[in-house]
Amino acid sequence: SLIDSAKELQDLVIKNKKSQDVVLLSEPLAHLYDTFIQVVDAKDSRVYRAHYNLAETQFEIKHFAKATLNYRWIMDNMSSKMMKQSELDAETISLKAIGSRYEELQLAKLVPGELSAVLLSKDKGGTPAKKESLGEWIVWIDAHRKDYGSRPGTRNEEFDNFDFQANRTLYSQGYIQFAIDRMVKFAFAKPKSKHAIAVASLSLDTFVKSEDWVKTNELANRYVKVVEWKDSEFFPKVFEIAADSFYKIAESGSQKKDVSSSELKTTLAQAETCTNQYSKSVRYTDCMVLAGKIALQLRDFPKAEQYYGKIIAESKSEKYISATYLLRAQIREEQSRYADAITDLMAYLKRTEFKDDEMKKKVLHFAWISGDATLLSKTLTEKEICNEERSVKCDGFSVIIALQSAATDDDAKNFFQKAYKGSGENRSLWALAALRFSKKLAPADRSLMLARV
């Protein structure tokens with residue numbers, strides 16, 4: 001019979017599918033099946049089998065477009081009765097049609113190889129036309145998921161691969177937002193799929209590349225909650241992206257021109273949330289620095305000092321700690337807490353090997369304006385502060401302390417020696433100090449001191 005002849009020829013075509021002459025056999029085979037389809041009643045279940053056999057043959061010889069047409073004819077015309085009579089499975093044929101179209105798209109070089117994130121601004125918008133091969137393929141995939149996706153025993157892994165490739169193809173063809181929406185749904189619907197993390201990563205990387213920090217943070221925070229990914233290499237990456245994007249949202253609020261006090265308070269609240277929510281992130285210290293900076297702008301000195309203290313205590317970065325000592329010294333200077341300011345400046349100078357001469361001058365200045373003779377005396381003993389460059393100035397401060405304090409016989413002799421042999425600029429002052437205790441000096445020495453004055 002016609003169908004038996006076609007079946008024999010089909011077996012021969014499949015057996016010799018690698019032969020260059022197989023096309024010569026496939027054409028009469030297609031003609032046989034076409035003839036059979038035309039002469040047999042469309043309600044005959046054998047018509048379905050004929051389309052199926054023809055599709056299988058065409059797929060084997062890589063005539064994917066023709067194979068797809070025959071697979072889809074069955075899907076578009078099927079009834080449960082006919083499928084049963086022809087011993088065909090609708091899910092299998094649906095998947096074969098999707099697979100055949102996939103091969104078509106690969107031949108057309110529409111399916112991408114390596115795929116990197118692109119800017120959202122490159123999105124062409126919308127969705128592919130349903131009459132186009134790509135758009136039609138997407139319709140079939142969505143229909144397959146709806147009809148067979150939740151059925152037990154379905155070939156989900158094979159289908160997931162086509163779903164994954166469809167989303168990648170959409171992305172590469174410029175339907176970026178549409179592809180991302182589908183990728184996100186895929187990732188959450190099938191977190192255990194071998195493709196889930198790949199689509200999650202691409203969707204997230206797109207927002208990062210586009211510097212859309214709000215969308216980045218929203219999506220990263222959702223991904224962080226996927227329990228199936230907790231032990232994956234992807235999880236710490238997502239957590240850091242969540243922290244980094246949240247920090248950048250807060251940071252952008254502090255960088256606005258003419259920012260109001262109300263806006264700064266909102267940004268401060270964000271920075272504080274950042275320190276609490278992302279305390280295990282590498283951005284933790286940055287969040288504390290930002291919180292301290294904004295608190296300082298708002299002149300909320302207690303809060304600023306609180307964060308600066310935490311940075312000094314908890315940060316492992318020498319750069320952050322050194323800079324923070326300077327910032328906290330600034331607060332303490334504004335509050336006239338000169339002893340505390342000196343403590344911070346000295347800590348900073350020790351960490352930077354006393355290379356900052358301006359800060360050394362500041363230490364001496366704070367010690368002087370503090371009005372605290374004990375603090376000034378202690379500061380004058382610091383060799384790095386009262387070095388050769390500032391020896392005359394430090395010597396002058398020492399005279400002032402001497403003039404204000406009680407003195408022993410040895411002190412009077414010391415003052416005399418400094419007036420006699422010391423720096424020219426301060427000798428007259430040391431003479432005055434010595435004369436305060438003139439009874440402890442010999443008459444000739446008193447006369448000499450008077451002459452120095």
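Author: Let us begin with R337, which has a relative accessible area of 27% and is partly exposed. This is a predicted model, in which local features need pLDDT of at least 70 and side-chain atom pairs count only at pLDDT 80 or more, while totals for chains, interfaces and linings use all residues. Residues are numbered from 1 along each chain as its sequence is written, and side-chain values use heavy atoms, with hydrogens and water left out.

Reader: Why is R337 called partly exposed?

Author: Buried means under 20% relative accessible area, exposed means over 50%, and partly exposed lies in between (1.4 Å probe, protein chains only). R337 has 27%, so the term partly exposed applies.

Reader: What makes E305 count as buried?

Author: The relative accessibility of E305 is 16%, and the limit for buried is under 20%, so E305 counts as buried.

Reader: How do you know that E305 and R337 meet in a salt bridge?

Author: A salt bridge requires a side-chain nitrogen of Lys or Arg within 4 Å of a carboxyl oxygen of Asp or Glu. For E305 and R337 the N to O distance is 2.9 Å, so the pair qualifies. E305 lies in helix α15 and R337 in the loop between α16 (318–334) and α17 (338–351), so the bridge ties together parts that are 32 residues apart in sequence. Helices are DSSP runs (H or I, at least four residues), as strands are (E, at least two), numbered from the N terminus.

Reader: Which residues are linked with this pair in a network of salt bridges?

Author: The network links E305, R328, R332, R337, D340 and D344. Within it, the side chains of D344 and R328 meet at 2.8 Å, N to O. Because D344 belongs to helix α17 and R328 to helix α16, their bridge joins parts 16 residues apart in sequence. Both D344 and R328 are buried.

Reader: Why are α14 and α16 called roughly parallel?

Author: Helix α14 (residues 284–297) packs with α16 at an angle of about 15°, their axes being 12 Å apart. Axes are lines fitted to C-alpha atoms, for helices over the stretch in contact, and angles run from 0 to 180 degrees between N-to-C directions. Angles under 35 degrees count as roughly parallel, over 145 as roughly antiparallel, 65 to 115 as roughly perpendicular, and the rest as oblique. The two helices are therefore roughly parallel to each other.
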